[in-house]
Amino acid sequence: GVHRQVLFASLGFFIGYQLVKRAEYVHAKVDRELFEYMRHHPVDFRSPTEKKRIGQLLEDFHPIR
């Protein structure tokens, strides 16, 4: 009856909440490790001195016909 629907809804909410909380923890942990690596190795993450334009990144277009 209705009591089962309420039980399963609350159980689903609780399990979903725990899964989201765990996923956020894992992502925060990975972010923290990556930022720590970037802080210890700044040479690997330097930005290029001059920015390229979109025309320099794309190949020239040559129509077939």
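**View 1. The whole protein chain and its surface.** The protein chain exposes about 7,200 Å², of which carbon and sulfur atoms supply 62%; accessible areas come from the Shrake-Rupley method with a 1.4 Å probe, and for residues only the protein chains shown count as cover. This is a predicted model, in which local features need pLDDT of at least 70 and side-chain atom pairs count only at pLDDT 80 or more, while totals for chains, interfaces and linings use all residues. Residues are numbered from 1 along each chain as its sequence is written, and side-chain values use heavy atoms, with hydrogens and water left out. The C-alpha trace spans about 70 × 50 × 15 Å along its principal axes, and buried residues make up 0% of the 65 residues; buried means under 20% relative accessible area, exposed over 50%, and partly exposed in between (1.4 Å probe, protein chains only).

**View 2. A nonpolar patch on the surface.** L7, F8, L11, F14, I15 and L19 form this patch, with about 630 Å² of accessible area together. Patches are made of residues with over 30% relative accessible area and no salt bridge, like charges being joined within 9 Å and nonpolar side chains (Val, Leu, Ile, Met, Phe, Trp, Tyr) within 5 Å. One of the patch residues, L11, lies in helix α1 (residues 2-40) and counts as partly exposed because its relative accessibility is 42%.

**View 3. The salt bridge between R39 and E36.** A search of the whole structure finds one salt bridge, a term for a side-chain nitrogen of Lys or Arg within 4 Å of a carboxyl oxygen of Asp or Glu. The closest N and O atoms of R39 and E36 are 2.7 Å apart, and the two residues are separated by about one helical turn because they stand three residues apart in helix α1. R39 counts as exposed at 55% relative accessibility, whereas E36 is partly exposed at 33%.

**View 4. The aromatic pair of Y37 and F45.** A search of the whole structure finds one aromatic pair. Y37 and F45 form this pair edge-to-face, at 6.1 Å centre to centre with 90° between the planes; rings of Phe, Tyr and Trp (its six-membered ring) pair if their centres lie within 6.5 Å, and planes under 30 degrees apart count as stacked, over 60 as edge-to-face and the rest as tilted.

Technical notes. Helices (H or I, at least four residues) and strands (E, at least two) are DSSP runs, numbered from the N terminus.
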